[in-house]
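Here is a friendly walk through one protein model, meant to be read with the structure open beside you. Please have a look at it first.

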Amino acid sequence: MADPEQATDRSDSPPERTDADDVTNPDVEYELERVQQRWRRRQFGRFVVGAGIVATVVYTASWLGFDLGYLWDHRGNLQSVLLEEMLVPSELLAEFQADGPALGWAAIETLAIATVGTAIGLPLAFCLGVLAAGNVTPRPVHGPLRLLLGAIRAVPSMVYALLFVILAGLGPVAGVLAIAMGTIGDLGRLFADEMEEIDPRPVEAVTSTGAGLLETTWAARLPQVTTAYVAWTLFYLELNARKSSVLGIVGAGGIGYPLIMAFNARNYTRVMAAILVILVLVVAVEAVATLLRDALDAERRAARE
């Protein structure tokens, strides 16, 4: 006879009574009843937890002022803006004919902010990320560096942009510095985590030859993470392109500036034109990054074969 405890682990359903059970001794009846009671308590606990989560979400949404009835009653406002201004093909075409060059230049500036900001932040992220790995440096070194990376990445890029506008004034330089800071914090943490996942055996082999920290890292650690580091960098370039598209809202350059100006002027046709340009920009960057990652994966597979 199977152990009732093991039967409970294999299935989420309560054990069924059989004819054989009805004629067994009282100990088996007692054990079967005990297992069924445990199953009912587990189901009741899951129900209580699920109900608690739903109640918490509903209460929090109500506290935030989320009111479906209010949104439904005022749906006409959004419909009129969408159907009468933002999604009228003839007006959009006229907007692109009038402001297309300006929006295109803003898109190029946005891409430049993302690229230069990533390029500036990448070397610092690499150095801090490697040194913040627990299998590269001792705790007195990697502990504070991890805290530093955590503090840097805790501040949103929009806040960095506001701070650097004070330093560099309105324009793309503040956006570049904001993107660079975000890159240092996020990529540095990713690099450190990736480094801690490497196979220790090559490191031990190189260390046994008397090599120091720098030689060991160069010969045994970095070759194991190079592909992952390149993939993370391309992925973060995509994220930075998205972030750069909104930094102009606080005066840090890029297409966010004409976007917020159009919102302030209630020129929703120009808002839609700017959104379409942002969409094309982000999709293009993602496509290029995906092609580069695919080429990198193909090269890695070829090297393994």
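Is T233 buried or exposed? T233 is buried, with a relative accessible area of 17%, because buried means under 20% relative accessible area, exposed over 50% and partly exposed in between, using a 1.4 Å probe and protein chains only.

## About the model

This is a predicted model, in which local features need pLDDT of at least 70 and side-chain atom pairs count only at pLDDT 80 or more, while totals for chains, interfaces and linings use all residues. Residues are numbered from 1 along each chain as its sequence is written, and side-chain values use heavy atoms, with hydrogens and water left out.

T233 is found in helix α11; helices here are DSSP runs of H or I with at least four residues, strands are runs of E with at least two, and both are numbered from the N terminus. Leaving aside residues up to four places away in sequence, T233 touches L122, L187 and F191, where contact means heavy atoms within 4.5 Å.

Now follow α11 from end to end. Its end C-alpha atoms span only 40 Å, whereas a straight helix of 35 residues would span 51 Å at 1.5 Å a residue; the expected span is 1.5 Å times one less than the number of residues. At L222, α11 bends by about 55°, and the proline P223 follows within four residues. The bend is the angle between axes fitted to the seven residues ending at a residue and the seven starting there.

## A kink in α6

Helix α6 covers residues 89-131, 43 residues in total, yet its end C-alpha atoms are only 54 Å apart, short of the 63 Å that a straight helix would reach. A kink of about 70° lies at D99 in α6, shortly before the proline P101.

At 0% relative accessibility, A274 counts as buried. Its contacts, not counting residues up to four places away in sequence, are L103, I255 and L259. The C-alpha atoms of A274 and G100 are separated by 9.3 Å, although these residues are 174 places apart along the chain.
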